[in-house]
Amino acid sequence: MAGNVDALYIFLLILSGMMTLLIFTALVYFAARYRHRKGVLAEQIEGSTPLELTWTIIPLGVFMVIFAWGAVVYFQQRTPPRDATEVYVVGKQWMWKLEHAEGQREINSLHVPVGRDVKLILTSQDVIHSFSIPEFRIKQDVVPGRYTVAWFRATKPGSYHLFCTQYCGTEHSGMIGTIEVMEPAQYEAWMSGGSTGPLSASGERIFAELGCATCHRSDSQGRGPNLQGMFGKPVQLEDGRIVTADENYLRESILDPGSKVVRGFKPVMPTFQGLVSEEQLNALVAYVKSLSPPSAPGAKNAAMSAPQSGPGQGNQVQ
Amino acid sequence: MATATVPAVEREDYLNKEYGIASWLLTTDHKRIALLYLISITFFFFIGGFFALLIRLELLTPAGDLVQADTYNKLFTMHGQVMVFFFLIPSIPAVLGNFLIPLMVGAKDLAFPRINLLSWYIYIIAGIMMMHCMLTGGVDTGWTFYTPFSTAFSNTKVIEAGLAIFVAGFSSILTGLNFVVTIHRMRAPGLTWSRLPLFVWAHYATSIIQILGTPVIAITLVLVVAERALHLGIFDPKLGGDPLLFQHLFWFYSHPAVYIMILPSMGVVTEIIPCFSRKRVFGYMFVALSSIAIAVFGFLVWAHHMFVAGISVYAALVFSILSYAVAVPSAVKVFNWTATLYKGSIYYNAPMLYAFGFVGLFTVGGLTGLFLAALGIDMHVHDTYFIIAHFHYIMVGGALMGYLGGMHFWWPKISGRLYPEGWARLAALIVFIGFNLTFFPQFILGYLGMPRRYWQYPAQYQVLNVLSTAGATVLAVGYLLPMMYFLWSMRYGKPASDNPWRAAGLEWTVQSPPTTFNFPEQPVVTWEAYNYDEIDKNYQEEAQVVG
């Protein structure tokens with residue numbers, strides 16, 4: 001159970017239970033106490049502005065508390081810790097393909113160690129899916145054409161349901177899997193088998209095969225920007241905008257290179273739309289990221305959506 | 001009561017004035033058009049209900065065993081589309097609103113009687129298109145038509161369904177337009193805005209949403225059809241489109257559409273509660289303005305359907321806080337209804353039982369909305385059975401309860417007959433119990449994680465699903481009963497007096513059923529709305545004279 005979500009949930013249960021009780025008691029009491037009796041007329045009451053204001057302002061105040069609490073929890077849910085292990089997830093009709101940054105590939109199951117933050121970088125190769133682990137209280141739609149991010153930290157070994165929660169066609173209800181949470185030692189043993197090398201290494205191979213290095217040279221002489229140390233840093237564009245070089249920016253620059261050209265470069269790069277699969281794209285992104293070591297300054301902007309909060313506050317599983 | 005004696009000679013009314021199919025199909029009488037709508041939406045209600053029963057039967061067991069997966073997907077899709085676009089949205093406005101608004105404002109008819117008839121024909125054309133779509137294979141996108149599934153992946157009749165709903169929208173716009181003009185221009189002398197029945201206020205607010213919101217869903221569906229047929233890249237990322245754009249456009253209408261469904265129901269309840277408590281409404285102006293506030297704020301909360309869809313954290317924060325803002329006027333209404341009972345003289349007639357049911361179920365539906373608007377909780381319960389339960393508490397527990405309450409309340413006026421009160425009270429009770437048994441377990445299912453739109457599900461969720469299916473069968477009985485005794489009463493029911501409930505409102509000052517042009521002479525209003533004190537005082541005095 002993820003404590004943060006449940007605490008708010010229980011608070012709301014108590015609050016709305018009290019509200020329901022109040023309204024129901026009033027309804028039943030009034031209905032019984034003031035039931036029609038012969039010869040007794042109703043007492044006419046216009047209304048009461050002070051009372052109206054009371055039951056406008058007090059609920060509004062209570063709602064703001066719920067809003068703020070819900071917002072804090074959501075902020076944690078959407079902010080992956082900086083040093084989280086990364087897993088790339090591709091949804092397709094009707095399966096989940098997962099690839100660890102270390103290179104292990106899985107289908108419809110994900111092995112993770114207890115106590116480690118896991119960041120999921122999700123995309124879809126067809127329709128919208130949604131990656132949901134009810135036990136961890138997380139859910140994130142998986143949208144074709146872009147990356148979305150989710151994260152969790154499992155705190156108890158075991159298997160947990162993985163559901164697709166965005167309707168995606170015939171076998172929507174069969175697009176399920178399991179999250180296997182293992183003790184660190186078991187996990188190390190599991191990790192040691194079956195890998196073809198880290199994802200960034202496959203990315204490097206693809207980078208070479210596609211000839212990317214012809215332009216994206218590791219000095220400043222190339223026709224394309226030097227990618228060393230670029231990830232997570234602000235990038236000045238030709239049109240004056242500044243964007244952060246996050247996963248979505250890398251993705252977009254590979255598939256639609258003309259849309260955000262780095263200042264000082266010409267829009268000469270061809271599109272790779274249709275030439276690379278989602279998995280290859282993930283590998284390329286992982287490779288470019290590996291060119292910027294996590295300790296490098298600026299890497300703290302790597303989280304795609306929001307500023308950081310303290311690590312480990314979020315989606316813990318007990 | 002002196003007026004309770006019914007004349008032996010048959011009076012002319014809107015029902016017996018003319019006979020024959022043509023006199024109905026070419027009528028411009030708002031009351032006859034209301035009945036045409038009543039028959040059509042009842043037809044669609046039972047189709048949608050039939051789909052719902054099949055869904056519940058399939059979910060009786062964890063395995064997908066009753067129907068194929070594709071069939072199941074079509075069932076929940078068409079259940080949603082039929083219930084939302086062909087039953088709930090037209091229900092109260094097109095039937096009760098149509099029948100009552102001219103009567104309530106003291107007019108002969110709506111402002112544009114022929115447009116009113118046109119709106120029904122448009123609805124029927126849309127209905128035939130939808131039936132054709134369903135009979136030739138159906139559609140499986142979910143009623144939400146999410147892209148790119150709907151535009152590039154589904155192999156079903158998406159274009160047909162989209163166009164049917166596109167056409168149905170015009171019927172809704174025309175009804176709204178007619179109401180707004182009627183309410184502005186055709187009120188009887190003396191019937192100021194602050195004397196209007198709150199049913200009329202609620203319909204005014206509803207009409208604003210229909211007029212402003214419906215064009216957005218219309219153009220969105222045209223874009224879906226265009227992308228599917230012509231491969232324009234609007235929503236499909238492979239063609240350079242943006243799938244989230246579709247969701248923004250879809251919910252920009254479809255969230256306010258929730259208020260198209262619930263506001264008229266709130267209006268009905270606001271008529272019933274004062275009548276059966278013999279009291280004026282507590283805080284008239286607050287109840288009236290809360291309808292307008294709901295209509296306005298309702299347009300500013302659409303992206304709360306998209307908290308996990310990939311919108312930014314900051315957008316989510318804005319839409320969360322605005323969603324709480326729209327909850328306030330709804331809460332105000334609940335408090336005012338409850339306060340209206342205080343020191344009343346309360347009767348437990350069938351319409352009042354439905355009104356009690358409405359307030360109770362709407363309260364639960366509203367409070368669980370607070371859970372969903374809380375960002376951190378929405379992330380967990382989004383797209384689970386929690387949300388299914390929540391919106392059924394609003395749309396079925398709320399909107400449909402209100403519709404049934406209104407049908408009972410005004411049935412004597414509409415048909416000129418009384419329904420059997422005992423059966424009606426029993427039906428209200430069955431609906432209430434069946435409804436809670438069906439949908440309350442779904443809140444728990446949702447928090448335990450069962451996703452919506454699942455044809456098969458893990459066995460751990462079975463017990464609650466069995467309860468829910470059992471409830472659905474009870475609910476079905478509760479819905480069949482009123483239909484049977486309403487039909488029965490048309491032939492065998494006791495003739496109704498002009499005002500069997502001693503209710504306030506101009507519609508009760510005319511004969512039951514009314515004549516074609518409603519009022520023998522132009523009424524002039526000199527009293528406030530809900531003047532139950534005067535009505536009851538006069539009644540007591542008359543009773544003494546007679547007694």
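Trainee: Hi! In which sense do strand E1 and strand E5 of chain A pair, and over how many bridges?
Mentor: In this predicted model, E1 (residues 85-92) and E5 (residues 117-124) of chain A run parallel, and their pairing covers seven bridges.

Trainee: Nice. What stands opposite A:Gly91?
Mentor: That would be A:Ser124, which belongs to E5(A).

Trainee: What is the strand order in the whole sheet?
Mentor: The order is E3-E2-E1-E5-E8 in chain A, five strands in an open sheet with mixed pairing. From one strand to the next, the twist averages 25 degrees.

Trainee: And which strands stand at the edges?
Mentor: Strand E3 (105-107) and strand E8 (148-153) of chain A do. Each has a single partner strand, so one side of each has no neighbour in the sheet.

Trainee: Switching to the inside: which residues have the most contacts in the largest nonpolar core?
Mentor: A:Val89 and A:Leu120, in a core of 260 residues. H3(B) contributes the most to this core, 22 residues.

Trainee: Where does that core lie relative to domain 1 and domain 2 of chain A?
Mentor: Between them, because domain 1 (3-28 + 48-77) and domain 2 (199-302) both give residues to the core.

Trainee: Back to A:Val89, what does it touch?
Mentor: Leaving out residues up to four places away in sequence, A:Val89 touches A:Trp96, A:Leu98, A:Leu120, A:Ile121, A:Leu122, A:Phe131 and A:Val142.

Trainee: Last topic! How many residues does each chain bring to the contact?
Mentor: Chain B brings 71 residues and chain A brings 69. On the chain B side, the largest share is from H10(B), with 14 residues. That side has 44 nonpolar, 18 polar and nine charged residues.

Terms used: Residues numbered from 1 in each chain as written. Chains lettered and ligands numbered in written order. Predicted model: local features only at pLDDT ≥ 70, side-chain atom pairs only at ≥ 80, totals over all residues. Contact = placed C-beta atoms within 7 Å. Helix = DSSP H or I, 4+ residues; strand = E, 2+ residues; numbered from the N terminus. Nonpolar A, V, L, I, M, F, W, Y, C, P; charged D, E, K, R; others polar. Core = buried A, V, L, I, M, F, W, Y, C linked by C-beta atoms within 7 Å. Buried ≥ 20, exposed ≤ 12 C-beta atoms within 10 Å, placed from the backbone. Domains from an automatic or database assignment. Pairing = 2+ DSSP bridges. Axes fitted to C-alpha atoms, helices over the stretch in contact; angles between N-to-C directions.
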